[in-house]
Amino acid sequence: MIRTQCLLAIAFAVMPTFCLPAQTIKGSTDQPEDSRNENSEAAQRPSFTPAWPANPNWQRYVLGPSTAIARHVRIVSTSGQVENAAALLTPAKGNSAMLARTANDSSPTNVVLDYGIDVGGLPTIDVTAASGSPQLRASYSESLPYLTLDGDHAPSHSADTHRYDEVTVNEPGTITNAYTQGGERYQMISLTTPGTVALRAVGIKIGFYRAGADAYRGHFVCSDEELNKIWYASAYTLQTNMLPPGSIAAPKIPAPNNAKTTGSNAIVLTSTDTPNASPGTSPAPPRSFALLPTNKIPVVVDGAKRDRSVWSGDLAVQGPVIYYSTGATEYIRESLRLLGSYGAQDGRVSTNLPSEWPVGTGPTADSEARIYSANYTLWWAAALADYYLYTGDKKFLKKEWPILTKELDWSASQVRSDGLFVTDQKNGHDWDYYDGPKVGAVTGYNALYYRVLIDSAGLADDLGQGTQARKYRAEAASLKQAINAILFNTQTGVFDASDIERGGIAQDANVFATAFGVAPEEKVGSILAKLKESLWTKYGPKPFSDPK
């Protein structure tokens, strides 16, 4: 019963805002054909309204900082000579916490702060007094057990390459870190050399898409409190991956050969994490980099802390979360545009790019190296189709159409004589990079390719490309037949992982085959039952069955 209520809740919450683009509906009006006929099946259905609470108050589940600078909500611990640490919880009162260290101290001098939720951006510390020019170090971690003097040892792209910052404090002022710290809940402020500092406030200038309840265009509420919390935690997790223009502050990296940038990327800082920088001084370029690169467009990256890169495979998962929550579709659109603006001469689309790269002008040697796998180029096409499905943005689709057709031309060139899409050692990688490339006719890749062909045929219809639509549907039909004939294992009752890896149970192969319409309808139930029997654990499903 709970499951049914939850599904209805999200459907009713979202449908008034997000619907199929009018161009995809056949007929002479904007309404679906059956809704125009009073004798149609739709017209004969009884109306149904679920029994909602009078005031579901879904807004109380929305997570995220309420202000542009996140403040901690709890003092976890102190060590050494620390006085009045609680003052850091109420900076508006103007009181200060004191940290002191002498040459004889052998134990740490620190205070550990808890922001209550994962945050990210530019760390900032207000110093009200200092003596002895001590080294002040700020360390960051998403999990308390991993918080050390060096942070949680998780280096990042498009952000600070360390998980700690250190400055020599000579005078009062505001220390603002030069580089973004992408994801942290816990922060440790330490003195590592003798001296004294007084701190009025510690915070993180938020560097991601901050959405209050008023920014949600769709919401979810059901009778299960845990599911409600999970849904909004998921939406917030994605928001920490959404980077507004100009929100990245990172060490300079080489730009691609075809990048065209104008103006300076330099930003003005109060202080840096360069040793001996002091509050209020004019710092030298941090770590010998003359410019601090930043993103010119809104993008979605694969993680708040790492890798902080735009990945095509991640967009396919991130897109629906945005469509059903905030509706900030420009983040998906611009991420697709960025990936599509690079690629190989043979038509493959780039699959993973630094988030601060500018939009490109076409294939280059640099972007050739930014193609993770054949599978991930297909995910770009799937994410593009989803974007159009939820937005109806035909203008953007028209711009990306030549890129999509070239990608599909390359994919078609990888189909062998038996009708299956094949990969090799160079292009067969998937999300589980540690398992190495998957070679041969991989069922999951083929099911995804089928989905992309069907989606692309629908896009072609909406663009008036009838010949292309018929071509993609014919290719999809041939591919579907080959998948069922060659990759389905009658002995196990499920699809094999590939034509090379036989006999095991692979989650992605069978979930994609059932979800994307490859598996015959009469086999779907038994396939899903087999997956549950073979892969389910108390922690969730395993991706693959254990080797025998």
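Colleague: Why does Asp 150 count as partly exposed?

Modeller: In this predicted model, the relative accessibility of Asp 150 is 33%. Buried requires under 20% and exposed over 50%, so Asp 150, at 33%, counts as partly exposed.

Colleague: What makes the contact of Arg 137 with Asp 150 a salt bridge?

Modeller: The closest N and O atoms of Arg 137 and Asp 150 are 2.6 Å apart, and the criterion is a distance within 4 Å. The pair links distant parts of the chain, with Arg 137 in strand β6 and Asp 150 in the loop between β6 and β7.

Colleague: Why is Arg 137 called buried?

Modeller: Its relative accessible area is 10%. The limit for buried is under 20%, and therefore Arg 137 is buried.

Colleague: How do you know that Asp 114 forms a salt bridge with Arg 74?

Modeller: Their closest N and O atoms are 3.1 Å apart, and the cut-off is within 4 Å. Asp 114 lies in strand β5 and Arg 74 in strand β2, so the pair ties together parts that are 40 residues apart in sequence.

Colleague: Are these two partners, Asp 114 and Arg 74, buried or partly exposed?

Modeller: Asp 114 has a relative accessible area of 2% and is therefore buried, under the 20% limit. Arg 74, at 37% relative accessibility, counts as partly exposed.

Colleague: How many salt bridges does the structure hold?

Modeller: The structure holds 22 salt bridges. Among them is that of Asp 499 with Arg 416, whose closest N and O atoms are 2.5 Å apart.

Methods. Residues numbered from 1 in each chain as written. Predicted model: local features only at pLDDT ≥ 70, side-chain atom pairs only at ≥ 80, totals over all residues. Heavy atoms only, no water. Salt bridge = Lys/Arg side-chain N within 4 Å of Asp/Glu carboxyl O. Helix = DSSP H or I, 4+ residues; strand = E, 2+ residues; numbered from the N terminus. Buried < 20%, exposed > 50% of the residue type's maximum accessible area, 1.4 Å probe, protein only.
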